[in-house]
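My entries follow in the order in which I looked things up.

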Amino acid sequence: MIKMQHGFNGFNGLTRIFLIIKSVKIRLIRLIRVAIFVFLSTPLAAQTTLSLDSCIILAQSQSAEAKHALHNYQIANYDYKIYRKSLLPQIALSGELPMFNRSISKITMPDGTESFVAQSVGNYSASLSVNQAIPFTGGQFYVSTGLQRLDVYQGDVTTSYLANLVNVGIRQPIITYNSYKWQKKIEPVQYKKAERAYIETLENSAIQTVELYFSLLETQVSLLLNTQNKANNDTLLFIAKERFALGKITEDELLEVEVNNLNLSIQIDELQNTLQEQQAALADFLGLDRRGQIILTLPPTINMEVNGEKARQEALANGTMELDHQQRLLEAQSNVARAKSDNGFSLDLYASFGLSKSDPLFKNAYRNPLDQEQVTLSFTIPILDWGTAKCKRKRAEVSLRDVAVIIAQEKLDFQRNLLSTVNRYNLQAYQLQLAERATELAVKRFEMSKERYTGGKIGFLDYSVAQNEKDNSQITYIQALRKSWQGYYEIRKLTLYDFVSGSKIEYPVDF
């Protein structure tokens, strides 16, 4: 009896060695097939290995969103330049060379009567003017000079010249809305806000990149895990069939292994389709060729804790929120000033001084010019407007108070959202450590379960549970890493401050 038992154990050892050798052959054959397929279907030049940092750099330089943000910033820059240049002296040359008119016109004769007379007149004129805005008063100063020539074709040609040697004048509203004053306050704030909005948009593109990057990375890891599981299950299925033939397992357990193997094949096909879609989405966003194969690397963890008060201070100092609030308040205050001045009463001053001379000879037109002066003070006093001006002023004042209320609430909402984002990020750092430790334990438990199942010490159900825990823990770790990076870039966007380098975020732009 002892010899028979010893012989049976020797037979089992040889069988196990045979099964292991056959399992190794199956794995090698599958790996060779996969390698050949990848080599033939994807050229080496079409493969691109990208890190998260490189993807963010690509997104912030050549994505459609980054280009759109740059264009908006450039438009704001040119708008601000237009405003600044509008305050400089404006020089213009105008004229009519020639203006010919042949018509029948009604004219007053020397004796006071009126008659229709055929006229043929040629008029030539040119003038040079300089206009300068006066921002602190809201008026305008101008200087001009010009020359006119008049040719009358009535039998003989009669020519005369009118020379305006110089004409100096000022147009000054006394009681009115000064648009220059409010532009001086609003325009710099608006331009600074556009600059920070450009940086915020680039940080937002980083957040979108993180989302697309980790979606593809999670799918790639899931596909890799399922492919490895499929290779393991092929071997386990072969072992299960041999054990079933020897009567060591039931048909129910054999079917369980086969069903699991088929489900893995279905999941691999679905993941491959998802992989292609997500890879195309990332490639399109980064401006890459979607026909190439993108291989992503696992980003490192961020070992940094963000102080909530520091984040709040940097957000107030660097973000667009404060500038947006300043602009809206200034615009509301400007509307109140406009409504107060637009009450129907106006007082405008116009004054000018000039030297001019008319003469049939060109050389005499500039000799001994005559001076001319003009002063006009015009006014409008409303007698009855049925309270329209008062209603406009009251409406503007209510709008100003409403803007102040809305801004106060927006500040509270922003600070609460910022603090919540910082707290989630700091908590996520701890959860990421737990996920990393859980992954290590799950992988170790799976390896132990795999050895025990191969040795026939546990059933397939226990092995399958360990396998699922191993896969889920790795996916959970990637998801935790994604939330960590998302929180990091969300804080950067809200504060425009890099807590890693300890400096304000800036992106230089060449116009």
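**Helix packing and ring contacts**

I began with two helices, and I noted that H4 passes H5 in a left-handed crossing, a term used when the near helix is turned anticlockwise from the far one by less than a right angle, clockwise being right-handed. I was working on a predicted model, in which local features need pLDDT of at least 70 and side-chain atom pairs count only at pLDDT 80 or more, while totals for chains, interfaces and linings use all residues. Residues are numbered from 1 along each chain as its sequence is written, and side-chain values use heavy atoms, with hydrogens and water left out.

I then looked up the geometry of the crossing: the axes of helix H4 (residues 179–245) and helix H5 (residues 251–286) come within 8 Å and cross at roughly 155°. Helices here are DSSP runs (H or I, at least four residues), as are strands (E, at least two), numbered from the N terminus. The axes are lines fitted to C-alpha atoms, for helices over the stretch in contact, with angles from 0 to 180 degrees between N-to-C directions. H4 and H5 are therefore roughly antiparallel to each other (over 145 degrees).

Within helix H4 I picked out Thr209, which is buried at a relative accessible area of 0%; buried means under 20%, exposed over 50%, and partly exposed in between (1.4 Å probe, protein chains only). From Thr209 to Lys444 I read 33 Å, C-alpha to C-alpha, across 235 residues of sequence.

Next I turned to the aromatic rings, where rings of Phe, Tyr and Trp (its six-membered ring) pair if their centres lie within 6.5 Å, and planes under 30 degrees apart count as stacked, over 60 as edge-to-face and the rest as tilted. The count by this rule is twelve aromatic pairs. Tyr161 and Phe362 form an edge-to-face pair, because their ring planes stand at 70°, with the centres 5.5 Å apart. I placed Tyr161 in strand S5 (residues 156–175) and Phe362 in the loop between strand S7 (346–359) and strand S8 (370–380), 201 residues apart. Tyr161 is buried at 14%, whereas Phe362 is partly exposed at 42%.

I also recorded a tilted pair of Phe446 and Tyr463, 5.6 Å centre to centre with 40° between the planes, and both residues are buried.

Last, I noted that the charged end of Arg338 sits over the ring of Tyr177, 4.2 Å from its centre (CZ of Arg, or NZ of Lys, within 6 Å of the ring centre and within 35 degrees of the ring normal).

Key: Parallel < 35°, antiparallel > 145°, perpendicular 65-115°, else oblique.
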